[in-house]
Structure formats: C-alpha cells, structure tokens
Amino acid sequence: MSLIALTLAAPLVAAGLIAAFGRLAAALALGAAALGALASLGLLAGAAQPQTAVLTLPGLPGYPLILQAAPINALLSALVSVVAGFVLIYAVGYMRGDPQKSRFFATMLVFVAAMQALVLAGDWITLLAAWELIGFSSYLLIGFWHERKEVPAAAARAFIYTRSADLGLYIAVFILIGAAGSSRIDAALDVTGMPAVLAAFGLLAAAAGKSAQVPMQDWLQRAMAGPTPVSALLHSATLVAAGAILLIRAAPMLPPSGLVAVGVVGGVTTVIGGLMALAERDLKRLLAASTSSQYGLMLVAVGAGVPIAAVLHLVAHAVIKSTLFLGAGVFQHDQSSTAMDRLKGAGRARPRIFAGFAVAALALAGIPPLAGFFSKDAVIAASLSAPGFWWLAPFALAGTLLTGAYMARALKVLWGSEAPVAKEAGSALWMGAGFGGLAVLAATLGFSFGGIERLLASEIATGVLAPLLGLGFALTGLALGWAFAAEALLGRLHGWASAGFEVAGGMDAMILAPTLRLAHLCNGLDRRLYSAALGAARRTDRLGVLGQRSDSEAIDRSISVLVRRTIAAGGTVRRLQSGLIHRQLALTVLGIALLLALLLTARLIS
Amino acid sequence: MASLPLLTLATFLPLLGGLLLMAFAGRSTRAAHMISVATTGLVLMITLGIWERGTLPGAFAQVEEVTWIPSIDAAFRLGVDGLSLPLILLTAVLFFLAAIYSMRLSDRAPTFVVLLLMLETAALGTFAALDGLLFYVFFEVSLVSMYFMITGWGHEDRQRAGLMFFLYTLLGSLPLLLAILGLYIASGTFDMRAWIDAPPLAGLGAMLALAAMLFTFAVKIPSFPVHTWLPAAHVEAPTVGSVILAGVMLKFGTYGLIRFALQMTPEAFAKAGTLILIFGVLSAVYGALVALAQSDLKRMVAYTSVNHMGYVIMGVAVAGMTMDSNMRAVALDGATLQMVSHGLVTGALFFLVGMLYERAGTREMGDFGGLLGRLPWLGWAYILSAFASLGLPGLAHFPAEFQIFLATLNIQPWATLAIVAIAITAGLYLRSIASVFLGTPRDRWAAMADLDGQERLVIIALLVMIAAIGLAPGILLDVIHATTAAM
C-alpha cells in the first residue's frame, strides 16, 4: 500500500469504524491521526527524490483521478497531518464527556481525509471534489451542536457562501480542462491567453470565498458556532487554507492581470481584516478576522509573483493560529464566554496557557526568532521585489502593523488586572499536550524554512530592508495596541470596522434577498401557468363531451367516467377491485387496437 | 442459458405476475405483496444478467426479434445499448424497492400491486423497444397505470392532479405518434435501428418530426413551461407513485430526447440546438428558483426534478450541436448518468419525505424542527440524499453534472450560466435540512419513531448505490461511454 493511499485511508477507515461501532472514538482517531501523520511525513521525506510518488484512480472516461506527492503536495500534507494531530490530541480532553463525541471524531477524520485529498490532488477533478468535500465536512462540524438556536444558520451560511464562490472554481476548471485537453493540473499551467485570464478570475473568486477575502470576508466570523478544536483546524491548515493553496498551485499560470487582481484582493483584505480584528469585542471573532487578514498577506505574496513566500506564511500561520484558537478555547471554558470584557485577566489565572498564547501572538506579529518573523519577512520582501512594489508593499506593511496592534490588544485584555478563578477545563492533560505541541512549533518552525525553500527549489533573498521594516512595523503595532484603546486608534472607522465593513447591507442584501424575491416571483408565475393549463384541460374535457372525439380523448373520457364511478362506489371496494383492472386492461387493448387501425389506414393510403 | 431471451423475460415477467395475481390470489393482501416482491426481485436479477451480457460499441446488443405485423414491418424488437441498459437497471432497482416499501400498504393492495407490475412492464418495454410502434405502445400504457395510482391512492386533491397528468401527457404524446408515422412513411419500416442508422427524414419533414417529438418529450421530461403537471401530480401521488414517476417515468422523456430526437433527426436537431439549449437552461434555473420558494417538502423535491432534468436537456442539446466527437461523448455520458443519478437520489428523497409525511401528516417545513436528534436514521439519510441532490462529490450527481457542464462550457459557453442553479440548490436543501432536522426539538414530535427495518433497507440500498456511482462512476460510465463514443 502506497504512502499516499495510507494518508487518506487511515482517517477514512477510522471514521468508518467509529461511525459503525461508536466506541473508542478518541483512541481510533488518535491512532489514525498518528498513522496518517507518519505516512505524510514519509511522503515529505521522499519528496526530494526526482521520482514523484503518484497514485492514479479510475475517474471519468478520459479523466483519471490523480494523487501525487510532489514537494509542494508532500509539504502541505505533512502540515495538515501534524496540525490535525495536535488538534485531535487537544480534542480528546476538550470533548471528554460530550455524549456525541463519536460523531465529532468521525467527522473530523473525514474532514482531514478530504483535506489530504485536496493537498495531494494532481488533477482538477480530484481537487474540485476535495474542495467541495471539505466544505461539506466543515458544514457538519460548524453545525455540530445542531440543537442550539443559532447554529443551523451559521453552518448553512458558511456552506452557501463558500459554495457560491466555488462556482468560480467550477468554471475555471472547465476552461482549463478544455484549453489543456487534460485534467492534469501540471498541464493547465501552460495555458495562456484569454482562457488563462478567465480561469484566473474564476480561481480568485473561489479562493476569496474559501479564504474569506473581500468581498466575502464576513462568513468566517459568523462560523464560530462549532467546538473550539473545529475552529482551530478550519482556520489554520485546512478549510480557509484551501483558497490560498489553490492560488499557490495555480500561480505559474496566472497572467499579469490575474496577479494584479490577486494582489489587490489580498491587500485590501489584509487591511480590512486587520481593522476588523482591532475593533472586535470578542476574542474568537478577533482571531477569525485575523485569519482573513493573514490570508490576505499570502495573496499579496502570490500577487507579487513569489508564491514561496505565501507557502512559508501559510505554514507559519497554520501552527500559530491553531495555537491561538486552542488557547482561546481554554479561556472560554474558564469564563464561559469569549467576550473580551469577560476575559479580563483570564490569562493570569492560567499562566502556562497564557505563555503559550503569548508566544503564538508574538509569532503572528512577527517578533524574532518566532516562526511568523521569517514568514512575514518573506512576504514583505516579496512585495518589495514585485514590479508593483509601490502599492503592494504598503499593504503588506499595513497588515503587519495591524497584526501587532490587535494581538497586543488581546494580550493586554487577557493579562488584565483582576485574576478570576480557573475552572478545571475538560481533561487538562490532553488539552495541554495538544496546545503545547503547537505552541512549540509556532516558536521554532521558522528555522525549517531554509529547508522548505530548498525542497521547493525556490529561494528568496530577504535582504536587510525587509526584516528591518517588518520588525519596525510589528513593534510599532504592538506598542500602539498596548498603549491605546481600539476606539482611539480607529477613530471614525471603528463603527464601520465593527460591522465587518459591510457595504450596502453586504451579501445578504445584495445577493440573498434578490434571489429569494426572484424565487417567489417565479413561484407566482408558476401558479399562473398551472391555472392556465388547468383551464385549458377543462376546456378540452368539455370539448370531449360535445362529441368532438379523437381516439385518445375517447380513452381519456372513459377513464374519467370510470374513475368518477370508482369514487362514487366508495364502499363496495371488493367488487371494484377486480372490475377496475379488467376494465382498464380492456381499455388499454381497445386503445392499442385503435392505434393499429389508424396505422393500417395510414399504410393503405400511402 | 446463453440463448434465453432475457430482455423479453424481464419485460413481461411483471405483467405475468400481475395476471397470476388476478387469476389466483385476487383478494389476499399478503399474497399480493409476496408476488410483487418476488416478481420485481426476479426481474432485478434478470436485468443484472442483461448487464453481465453487456453491450456492443456502436450497435444494439442482445437483440430479440419476433414477427408481429409483417405487412407494415412492425415487429417485436427488443435490444440494449449503453443508453438504455443503465435505465433498465435503474427501473428494475426502483421497482424492487418500491415493491418492498409498499408491503405496508393494506388499502386495496392487490389492485395496487397489479398496477405497479403493469407499470414495470411498460417502463422496461419503453427502454428496451427497438420498434417504433412497440415503443409507443409501452410509452402510452405506462400512463394508464400511473393515472390510476394517483387517483386511487393519492392525497386530497388527487382528481384534479390526475386529470392534469393524464391530459398533459396523453395529449402531449400524440405529436410523437405523428412523428413515428412520419418516420415510418419515409422509411417503410418501424425498425428503430434503421431510423438511427440512416435517418429517413430530411429538410422540412425532419424539422416537423423533430418539433413533434420535442413537444412530447418536453412534456414528459418535463421542461419549462410545460412542467406544471409535475408538482401537482407529485404532491397528490402516493409515495411509491412519486418515486416511480420521478425516478423512472421522467426518463422516458430524456431517453426519447436522445434516442428519437437526437439520433433519428440529427440534422434538424443541430439546427434547433440553440432553442433546445435555451429550454434546458431555463428549466434548470427556473426549477431551482421555484423550488427555493416552496415550503412543502414534496413540492420542493418535485421542482428540483425540473432543475435536474434541465441539466440533462442541456447535455443532450450541446451534444447535438458539436462536431467534436470527444466533447459530444462527454456531454452524453453526463446526460445519461444524470438520468440514473436523478432516479436514485430523487427516489430516495421521495421515499424519505413520504416516510416523514406518514409519521407527521404534514410536509410543511415550518411544522418541524430539531428532528435529527430524535430520528437520526431519517435525518442522516435525508442529509446525505439532499447533499447528493445538490451535487456533492463522492455522490451520484457530481460526476454527471461535472461532465454536462464541462461539455457545455466548451461547446456553448454562454449556457454555463445555468451553473448558478448549483448554488441555489445548495441553498434550498440546506434550508430544508435546517428547518426540519436542526434547531430546537419540538415537543409535538416527541413520540415520533425512527425508521423501521424495512424502511432502513430501502434507504440504505439507495444510498449505497448513490455513493457507489459517486465514488466509482466507471461502473456505469464504461457501458455508457462505449456507446456514446461511437455516436
């Protein structure tokens, strides 16, 4: 069995076992996660070899399904399995005592398998299928507590928003398969001209939907209804990451106009997401807005034509953001809330968790030698090296500044004056182990970036200017966020930022409501069509009474009469039982005889 | 064994079962259901045998021919190719499951069973017929059984719905008869193979015949704007009636669209292609929009049929308009697979909505809420079927719709705008899941029981097939593609 198959099969088989037997859910999930992680680390170890591991499955005629472990696939696969592994360890403690935990672990494993299929995809159909499947499993996970009032709407919103954007991916894939004559992603990278431009915009739309980029930034914040481990996984290496991964994979074929569009969307989102995070009054929603902002930075790197910088920031962000969410989950459990007002001093009550949270926060802000420092430098260097540096670099630096400001604000709140009492949260051992593992990665992963660059055969020279600028803006941001309140920093923007920079009522007012109105309009039209047809049918019926009978109407008439009698007869069911069939058969025979007579006449005439 | 006429056996075995029932076991409900399940089960096994025997590329296989009316060269001719074989399998599967599900029926069961069995003969005959006259007879006979099912076992407003159904589809099918006569007069035979190999009509004659066929099949499929009989018929029809109507009988229309309109008047079809495509796009988008506006679950599922059949029309239309044989095969593969997928998925949805209605006596979404915790079997089966219907990969509709849209974009790019229906369908199914199965449970349904063994059997069988086609579409596409690649 190849390692690629094992990467997917381990979580799927375990999910099947859990669903079938409902026992040992946590143990099976951890075992599968460990096995899957070993397999994907094996893929990573073998990725440097010139011979790429490939698994081909029969798909549609002429379009087989391909899974491959080229360096980028193997790297992302390892990232997914490692982050998912630590989140699952945390979840063993977090979900202890939840009566539905079998369902939780089974769905998480399906989700991980779908994400592995996405990162290992070597053809568009596999990628598209996995893309939709992660949307489906995240729907199930966000909707996990489905009996709570606000949960169904949150889950449905996440799925419908992302699926509407997915139409862009569908169209791009159809264009690329048609233009390249093959469904292989490699083959599509050679597409040029108009098809490449159209496909680029389709891919960008899909990526913007999944990665919560402008103008589809607001579903992510509302998708906080699921359990904490779900948020930690969705926001780091999986669901939201899919958008950036798509653009990284497609980067070589993006035409100049596509690159500009990617850069603009990413740049605007990194600023808007950062402002939203700064204005936020809820810790989890702050982290969600921050996710949009950080993915915006990755898009800036792709737009600058340096996808390797986006890869590095994706890796760093994955371990950092999952750490932050898992930490926030502990504070949430302690204070039964994620509102910043209620979390004042929550960090003091749990100094060790707070330490890990702070390391991750500083890493995200870009403080050396933590992971985010190196990846953010890479993004800034990328933006400086691009032909459009004069507009890309300001976006990257503004994003960096805002990251420092909102992370400082979160840390200040958590380290607030009074220290409330910590509750015994789930099983502290498991939760601590999962959280701790990720926090260590958030601190140290930056030292592996040289290896990643060599593996992907794409090195970036950061120079001196980028680290200096990055560090300067990060420190300034941290200082501003610590020293001033959000209202003071944002001024008049504060209200708009709190509302998620909603324009003209947002997507709901601009797309959802008109669609519903159109649906009801069509429904009204349909009722009118029905009445019209019924009226016509009645008239035809009357014509039959008048004796203008064609052979078919004669059959119809007799049947109507027969049925009326059937109904009238009501009680005498028994007699009708046989009568009905005989008469009906007789009618059928009669009808066929008439048809034959007609045909014979036709034959004689001709 | 090799010489057994399996197609004839499969086609007439249900009729034979019905006659046996009338002759010997007239009034026993138990006997009726036993005969029903045994017959449809046997038919299913025979059709698996037909599958095993396989098809031929570019020709009909397993042809069985018996002289009938030599003076007009009408004969009893049956055969299969990659287009009809999947539909024959679908028919056998759905009738078998319908027979199992109707075992709970006690009201005039023998009559119901006879109608069901007659309908199976008509359906199998329609797909297997290779003679124009024979095709028409089977096509028409199916109406009779369905009419009585709706009026005899339907709900409140069944008379009106039955009338609509009958007038629409019977009057609708008269033009087809004219077209068949036209083909006959031009060729001197009723052999459909001859009509396909050398289309006998050309010019105006072909265009008139095509128009006649299109009208008939548009009503049957049904396409916007002649679809209004469908939701009315579904809402009033009994559960099994809806399953067969949507699962099998709508495919008469799409099958005819390929077999007759596309194959027998190809030049006229290519000329009218844009118009046909427009109706396909309209049906797909309009069906989805109207479905979104429904609050009655069964009406909603009924309108999604208009949407899904719209995709089939699109696939056939673009196939008829292109010279690129590769893309044509992709389009027809998708259209044919979509018919099977829709049969299984919509069959499952109608079964589930019927099961819910039997328990609750209502189908209004707003009356429910939070049922998932109480009825996990029903809830999860509905969620999976709904996601299958909205085109989730790994389930049956995805490969079919993917191929249809892939071909559409590369043949007539503008028609790809129908893809918005995919997002609308997602919205309407998620809304139905949220309002019926999620949220706070209501005390009113506290005593509702989950699916029993028989119901689970039916649903699991369908879901397994839906997943099998989604994960390994090759099991059907290999057969389909061998035929479409030669078209």
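**A walk through the two chains**

Let's start where the chains meet: the contact draws 58 residues from chain A and 65 residues from chain B. Keep in mind as you look around that this is a predicted model. On the side of chain A that touches chain B, at least two residues each come from strand 1 (54-60), helix 5 (124-142), helix 6 (151-180), helix 24 (506-545), helix 25 (551-569) and helix 26 (573-605). Helix 6 of chain A gives the largest share, with 14 residues. As for the kinds of residue on this side of chain A, you'll find 36 nonpolar, 15 polar and seven charged.

Now stay in chain A and look at how some of its helices pack. Helix 1 (residues 3-21) and helix 4 (residues 101-120) of chain A have axes that come within 8 Å and cross at roughly 160°. An angle over 145 degrees counts as roughly antiparallel, so that is what helix 1 and helix 4 of chain A are. Their crossing is left-handed. From helix 1 of chain A, the residues that meet helix 4 include Ile4(A), Leu8(A), Leu12(A) and Ile18(A); among those on the helix 4 side are Phe105(A), Leu109(A), Val112(A) and Gln116(A). Sort the residues of this contact by class and you get 16 nonpolar, three polar and no charged.

Further along chain A there's another pair to find. The axes of helix 14 (residues 307-335) and helix 17 (residues 371-385) of chain A come within 8 Å, crossing at roughly 150°. That makes helix 14 of chain A roughly antiparallel to helix 17 of chain A, and the crossing is left-handed. Helix 14 of chain A brings residues including Leu312(A), His313(A) and Val319(A), while helix 17 of chain A brings Phe374(A), Lys376(A) and Val379(A), among others. This contact divides into eleven nonpolar residues, three polar and one charged.

Ser102(B) sits in the loop between helix 3 (84-101) and helix 4 (109-128) of chain B. Is Ser102(B) buried or exposed? Ser102(B) has 22 C-beta neighbours inside 10 Å, so it counts as buried. Beyond its neighbours within four places in sequence, Ser102(B) is in contact with Phe112(B), Leu116(B) and Val240(B). Ala261(B) lies 159 residues from Ser102(B) along the chain, and their C-alpha atoms are separated by 36 Å.

Last stop: helix 16 of chain B, residues 397-411. Helix 16 of chain B is mostly covered, with 15 of its 15 residues buried.

Conventions
Residues are numbered from 1 along each chain as its sequence is written. Chains are lettered from A and ligands numbered from 1 in the order in which they are written. This is a predicted model: local features need pLDDT of at least 70, side-chain atom pairs count only at pLDDT 80 or more; totals for chains, interfaces and linings use all residues. Helices (H or I, at least four residues) and strands (E, at least two) are DSSP runs, numbered from the N terminus. The expected span of a helix is 1.5 Å times one less than its number of residues. A residue is buried if 20 or more other C-beta atoms lie within 10 Å of its own, exposed if 12 or fewer, and partly exposed in between; C-beta atoms are placed from the backbone. Two residues are in contact if their C-beta atoms, placed from the backbone, lie within 7 Å. Ala, Val, Leu, Ile, Met, Phe, Trp, Tyr, Cys and Pro count as nonpolar, Asp, Glu, Lys and Arg as charged, and the others, Gly among them, as polar. Axes are lines fitted to C-alpha atoms, for helices over the stretch in contact, and angles run from 0 to 180 degrees between N-to-C directions. Angles under 35 degrees count as roughly parallel, over 145 as roughly antiparallel, 65 to 115 as roughly perpendicular and the rest as oblique. A crossing is left-handed if the near helix is turned anticlockwise from the far one by less than a right angle, and right-handed if clockwise.
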